[in-house]
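Please study each task before reading its solution.

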Amino acid sequence: MTRWLALGALVAVALVSAVVLGPAHVALGDLASSEIVRSLRVPRALLALLVGGSLGVAGVSLQALVRNPLADPFLLGLSGGAGLGAVLAIALHVGGPWALPLAAFAGALGAMALVYRLGLVGGAQLDPRVLLLAGVAVGAFSGAITTAIVSLAEAADLRNAFLWLWGGLSGASWDTVLVMLVYIPVPLVVLYAAARPLDLLALGEEPATHLGADVEPLKRRVYVAASLLTAAAVAVSGVIGFVGLIVPHITRLVWGHRHRALLPAAFLGGGALLLFADTAARVAVAPRELPVGIVTALVGVPLFAVLLRRWAGARS
Amino acid sequence: MRGLLVASLLAVACRPPADRPSAALPAHRIVSLAPSSTELLFALGAGDQLVGRTTWCRYPPAALQVPDVGDGLNPNIEAIAARRPDLVVLYRSPLNETAKTQLARLGIPAVTLAQDRLEDIGRAARELGRLTGHEAAGDSIGAALDALLGMPAPAPIARVAFVVWDNPPMVIGGGSYLDQLATLAGGANVFHDLAAASATVSIETIVARNPDVILVLSDSSAPPAYSGRREWRAIRAVREQRFIMLRADLFGRPSPTAPAAVAALRRALEARTK
Amino acid sequence: MSDTAPLVAVHGVTYRYPHSPGDALHDVSLEVRTGEFHAVLGPNGSGKTTLVRVALGLVAPETGTAELAGQPASAWLRRDLARVVGVVTQREDNLFPQQVRETVLLGRYPHLSFWGVERPADRAAVTRALERCDALALSERWIWTLSGGEYQRVRLARALAQEPRLLVLDEPTASLDVRHEMELFELVRGLVDRHGLAVVMITHHVNLAARFADRVLLLENGRTAAQGAPGAVLTRETVERVFAWPVAIEPFDGRPQMIPLRQPKEPT
């Protein structure tokens, strides 16, 4: 119980610091009336929570699905597809404020469908190992096409396209928050309902079947729901790495392996992590801003190395 | 017969080393690998001595008739060599170090010019003038830019910000020639304190610094796409649609037209702040 | 002792894997009732695992019928089936470190509600299952610290936590030493005698199968070589033919025991 309280407190602190801190100085007394806070910081903080949470949950689910604790939601080629979609939109000068997110989302869905199709073996069965390989291949392929387009596009858009890919919550607004709030509950609920069968899947597909899990539909549901969450995250904020990889491990260290606890904990933990990372990105080199994907990598990689050693040590 | 072969082989092997540009005759087959130098060469009257330009060299319009040899950064050496140049003008950047070496190995004279700020243009004008046999034109352009830069900066009549990209938001800082143009025109760049030529900032920083006008590099008069987005409207200048469009031909690169650019910007700022 | 209706009723099934030149099973039948310990024997590739898959409805036979607890095997929903049959597969690759009690608790899945909340009754079932498998002392241990024999008992406990009427074990004693082998067979025999379970065990251990099982099915190339009481099935002629190796059959404790004879190769 205390673990949950601590996590809740962490999320609260993360939210508050994201609203109070920033490159522009806003006095505490003026927070409620400040335009910066109302229109920029609060929606951005909420978006960080929703995106970080989505990535955390997607990470837990996908690691269970591919039975590999080193899997990251972006390992399945979604980031490649999203990047390709976004870069195409920039290169073709597609207008409109929603052009970039929609194009990224469409690209991610395209990659998801392609990887899914490649992962199907023997008719209707999803083989997680093939899924992983297909994901890496599709990711590399879309990355290559993206690079080709970027190198042929107008010089000004070149650097900007890569900056977008590095991830950022600068596009946050109440509109984006609303879209996420409407969109993510369904995949989240689907994944939570799959919590128990995912525990079984950790034993292997055959044992899971014998224990009562309907493995094929389960894999499909989990793959699609986790991919949809990831696609939404990429669409609104680019590729923010390491959240989906690290958060599951940290939550497992504290909550164990029961997905009924892991999934909500990963949502809150992922949200808190991204909130702290985004606050750091905004404040660390003020007035300039770091891409948040770099902050999560800088924090995530050493953290991950430590976790890896503990995990490897525990297994031997 | 064999003697002739050996003699010609020896002759090839004993070609003189790469010419230092300063020792060469006026160059008449020039490949220019930067939009600034291309424009400058035309301004010097050396346009018909150009045999190659980069894909991005679009000014003046006559430049489009010059053959395209690809990129200016990490250039295509083969494409350049195919034009049989006697001078290559490189943009000074660490990315072009290899190109310089490769060109030297091929015996093609190359000169590297800094082309980032207005003072670089004056210097480049004089050097290119010398190299192309148009010293007088080079000195004249150099003098005009010296005069421009030598004037005391006028008192600022407006606070400005250049916003060049929206996702992530990117602004022009003190290191850019655009900042120089703004200062000379009486516009105080609110991001002048950033040493870099451009930087990513949060929207809230732009809100806090509250520029009077937002300067946009664009040939169309339509307001930028982000001006309709809710989070951008927290910036007063966006809310009030206070944009000034800067034409690419005058403002797209540091150029000998700088005096005209400054004048145009000054007129636009005055109109806005009336 | 036995109910009238068989738990497993497989009649005359034939099955061929896709792209396979021959039948994996041809006209094989098997009936298992409560309180019966059946052993399925045969050389590698003789169809033992295929038979179990047909019996559990995982694959549909081309001819013949397969029924489980009165219903066609393929008509069972996975969850419902898991309340009737507990399966211990040959191998398990448990990626995530768990404690014993947690892993046995997974066996309660078929009894949980939709949202998967565990109740005291579930925890009691886990304790009971651990007791029956003589693994209660291992409850708080982490599974990677268990020996092979201990881990097998834990897996068996998980299957028992399902509260099944039928246990299916696929080569449960492969790679176990003699003590753990004997312990496991005794355990299974005890479950049948004291708790009325039905058991189908695939095993390579002909001798232990002969000692502990009530009935034996000996498969040869997908066909039934012999079926019935151990004494009737394990005759020298049959065993020699099926396993293609000379043996002697000696009685022990009223059951036939197979002793392979030496056949050293002549140096060429």
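**Exercise 1.** How many residues of chain A are in contact with chain B, and how many residues of chain B take part? State also which elements of chain A give two or more residues to this side, and describe the side by residue class.

**Solution.** The model is a predicted one.

Step 1. Two residues count as in contact if their C-beta atoms, placed from the backbone, lie within 7 Å. On this basis, 28 residues of chain A are in contact with 22 residues of chain B.

Step 2. Two or more residues on the side of chain A that touches chain B come from each of α2 (35–65), α6 (155–165) and α7 (174–183) of chain A. Of the elements, α2(A) gives the most, with 5 residues.

Step 3. Sorted by class, this side of chain A holds 13 nonpolar, 9 polar and 6 charged residues.

**Exercise 2.** Into which domains is chain C divided? Describe the side of domain 1 of chain C that touches domain 2 of chain C.

**Solution.** 

Step 1. Chain C consists of domain 1 (1–84 + 165–268) and domain 2 (97–163). Their C-alpha centres lie 26 Å apart.

Step 2. The contact between them takes 12 residues from domain 1 of chain C and 12 residues from domain 2 of chain C.

Step 3. On the domain 1 side, α2 (78–82) and α6 (178–195) of chain C each supply at least two residues. The largest share, 5 residues, comes from α6(C).

Step 4. By class, that side of domain 1 of chain C comprises 7 nonpolar, 2 polar and 3 charged residues.

Definitions and conventions: Residues are numbered from 1 along each chain as its sequence is written. Chains are lettered from A and ligands numbered from 1 in the order in which they are written. This is a predicted model: local features need pLDDT of at least 70, side-chain atom pairs count only at pLDDT 80 or more; totals for chains, interfaces and linings use all residues. Domain bounds come from an automatic or database domain assignment. Helices (H or I, at least four residues) and strands (E, at least two) are DSSP runs, numbered from the N terminus. Ala, Val, Leu, Ile, Met, Phe, Trp, Tyr, Cys and Pro count as nonpolar, Asp, Glu, Lys and Arg as charged, and the others, Gly among them, as polar.
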